[in-house]
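Below are my notes as numbered points, to be read with the structure open beside you.

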Amino acid sequence: MHWLVEPGFWSNPVVGPALILGAVVAAVSAAVGVVVVVRGQSFAGHALTDVAMAGGAGASLVGATPLVGFLLAGIVGGASIEAAGAERVRDRDVATGVVLGGAAGLTALLLYFVSSSTSATGSTQSVLFGSVFTVSPSVVPLGVAVAAATLATLFGVRRPLLLSSLSPELAAARGVRPRVVSLVFVVVLAASVALSALVIGAILSTALLVGPASAALRVSRGLVGATVGAIVAGVAAVELGIVASYDSFYWSAAHRSVPVSACVVAVVLVEVAASAGWSRWRRGRG
Amino acid sequence: MVLGNARRGRSGARIAGGLALAGVALAGCAASVPPVAPGTLAVVGAESQYADVAAQVGGRYVSVVAVMNNPNADPHGFEVSPSVAREVARARLVVQNGAGYDDFMRVVEAATPSPRRRVVVAQRVLGLASSIPNPHLWYGPATMPAVAAAIEADLARLEPAHRAYFAARLARFDVAMGALRARIAAFAARFAGRRVATTEPVGDYLLSALGLVNATPFRFQADVMNGVDPAPQDVGTVESLLTGRRVAALLVNAQVSSPVTTTLTGLAQGAHVPVVALYETMPRGFTYQRWMTAEIDAIERALTTGRSTRRLT
């Protein structure tokens, strides 16, 4: 492993929690991301990241764990997008955009309060771009629990969810209530965004949500295969990103490390590009 | 067409209303600045410690306000308000740190040009480059005597009638500074070479004057100061300093908390390494010299009895 991992990696006190939390978060984001991509809700997913951002800023203002802020805000924001009840795609797009703008404005206000009236520093950086190396080890069990609950809920509603995504008419004929399904899914989405905001920040959590899922959907045929592929790609991106960020300490004489979030997003982009190349090559052959 | 005009007219009225509201708001801001006492010079200190030194030198002929004086907030995250601009606009003397620490003062001064205003910049008084990596100049024992002399020179130029008064006040301040230097020398004679860890470079100039060795990598201190995540390697280094009890104390910036500093404080407590709070701006109820003495006392208490000082009182 020496060719990949620089010395001290395994014994470093902040690396272990980062690897565990990163893997769990990546798995949830990837699994939820497959449904997001299938439902065409990438933009809603991104809007939720902005809402989560406001929650994270609010949490650091009152001194709470950011995960709780991300989670509460995401659920409230997601439910309000859903409650706006936009049936047509275009109305939904506009409602999402309005919520996004409002949330970003609220974030700016809350972060201003944080830096001007409390001693919490670096909140802007950690809320927007994440800081998995500084996550307190005590947050790891909470994160794993939220992740498990999210995956279990997603697994429970997978059939009506996919049916209403792919064929609303058929779903209605089978007695699926689309509003209920959408509401459950938006809560699942909010939870997954909250988790990935911890690792790569609220703004960048879209990358972890959409990137591995879209890459896997291009490469594999069935939804099960795509979900497994997305989880593998997502976990690989986060773990490789953490390793790259750690190793980057040794790349320059000044020992300036590259942030984890930038490394993770770089790996995700490579995966997406590789999957695009792969599917083009296969189509060319077929 | 007519409808269109009517609509435009309404929106015009709305804009006018909005402007009127903004005007009222501005007037409100302007009114919130208290008047300067008659017969005194308006002086602004960018940080409360510089305001205090200006008040000590200027005595009864100055009305001093401090821009950054909230000991609970991180000065690096400071944003100016319109009332600060008003204070600076009417000030005859401004004292600021420079070195990129209070760049907002430069912006405000450029926005409110005044030929009658004199500006003392500590970093320039000391002949330092503005790019100096550690901007917390006031922790250096040579800084305030030089700044006080510059303040005295400017006050004497602004109010030549009170020249003798300002000179006497400066002499009194220099006596206090002499006592502080003696305190530092006595500390260094006893504790020179002892190792400490810090979260930020806030007190580093004082620590080297005290003869203490800061075992924390400067890169780590700068990362925490700048609010970016320190490299995990550096976090590991600092954590092992504490868990291995290889330092006699952990000195934390009382005005800055982040997940990293919280973790380090917890580790220090677990390893029975005393924690001492260093303030970034002068806490209320202190003078500059009493503040520095209190910090030195707290560090000495940590080194001799192992007791933590999380707040200065």
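1. A word on terms before the helix pairs: axes are lines fitted to C-alpha atoms, for helices over the stretch in contact, and angles run from 0 to 180 degrees between N-to-C directions. Please also keep in mind that this is a predicted model.

2. Let me begin with helix 1 and helix 6 of chain A. Helix 6 of chain A spans residues 139-156, and helix 1 of chain A packs against it at an angle of about 20°, the two axes being 10 Å apart. Angles under 35 degrees count as roughly parallel, and helix 1 of chain A and helix 6 of chain A are therefore roughly parallel to each other. Their crossing is left-handed.

3. Which residues make this contact? Helix 1 of chain A brings A:Pro17, A:Ile20, A:Leu21, A:Val24, A:Val25, A:Val28, A:Ala31 and A:Val32. From helix 6 of chain A come A:Val140, A:Gly143, A:Val144, A:Ala147, A:Thr150, A:Leu151 and A:Leu154. By class, the contact of helix 1 of chain A with helix 6 of chain A has 13 nonpolar residues, two polar ones and no charged ones.

4. One residue of that contact is worth a stop. A:Val25 sits in helix 1 of chain A, which covers residues 15-39. Is A:Val25 buried or exposed? A residue is buried if 20 or more other C-beta atoms lie within 10 Å of its own; A:Val25 has 29 other C-beta atoms within 10 Å and is therefore buried. Leaving aside residues up to four places away in sequence, A:Val25 touches A:Gly143, A:Ala147, A:Leu195, A:Ser196, A:Leu198, A:Val199 and A:Val238.

5. Helix 2 (residues 42-62) of chain A and helix 9 (residues 178-200) of chain A pack at about 60°, and their axes are 9 Å apart. Helix 2 of chain A and helix 9 of chain A are therefore oblique to each other, and their crossing is right-handed. On the helix 2 side of chain A the contact uses A:Gly45, A:Leu48, A:Thr49, A:Ala52 and A:Gly56, while helix 9 of chain A contributes A:Leu189, A:Ala190, A:Val193, A:Ala194 and A:Ala197. Sorted by class, the contact of helix 2 of chain A with helix 9 of chain A holds seven nonpolar, three polar and no charged residues.

6. For another setting in chain A, look at A:Ala108, which lies in helix 4 (residues 89-117) of chain A. A:Ala108 is partly exposed, with 13 other C-beta atoms within 10 Å. The C-alpha atoms of A:Ala108 and A:Phe43 are separated by 21 Å.

7. Now over to chain B. Chain B has twelve helices and eight strands, and 45% of its 313 residues are buried. Of the contacts in chain B with a separation of 6 or more, 65% are between residues 24 or more positions apart.

8. How is chain B divided? Domain 1 runs over 41-178 and domain 2 over 192-305. Their C-alpha centres lie 26 Å apart. Across the boundary, 24 residues of domain 1 of chain B are in contact with 21 residues of domain 2 of chain B. On the domain 1 side, the elements that give two or more residues are helix 2 (48-58) and helix 7 (163-191) of chain B; helix 2 of chain B supplies the largest share, five residues. That side of domain 1 of chain B divides into twelve nonpolar, nine polar and three charged residues.

9. After helix 2 of chain B comes B:Gly59, with a positive phi near 55°.

10. Last, helix 9 (residues 218-225) of chain B. Here B:Phe220, B:Gln221, B:Asp223, B:Val224 and B:Met225 are buried. The buried residues of helix 9 of chain B pack against strand 5 (195-198), helix 10 (232-243) and helix 11 (259-270) of chain B. Helix 9 of chain B is followed by B:Gly227, whose phi is positive, near 70°.

Conventions: Residues are numbered from 1 along each chain as its sequence is written. Chains are lettered from A and ligands numbered from 1 in the order in which they are written. This is a predicted model: local features need pLDDT of at least 70, side-chain atom pairs count only at pLDDT 80 or more; totals for chains, interfaces and linings use all residues. Helices (H or I, at least four residues) and strands (E, at least two) are DSSP runs, numbered from the N terminus. Angles under 35 degrees count as roughly parallel, over 145 as roughly antiparallel, 65 to 115 as roughly perpendicular and the rest as oblique. A crossing is left-handed if the near helix is turned anticlockwise from the far one by less than a right angle, and right-handed if clockwise. Two residues are in contact if their C-beta atoms, placed from the backbone, lie within 7 Å. Ala, Val, Leu, Ile, Met, Phe, Trp, Tyr, Cys and Pro count as nonpolar, Asp, Glu, Lys and Arg as charged, and the others, Gly among them, as polar. Domain bounds come from an automatic or database domain assignment. A residue is buried if 20 or more other C-beta atoms lie within 10 Å of its own, exposed if 12 or fewer, and partly exposed in between; C-beta atoms are placed from the backbone.
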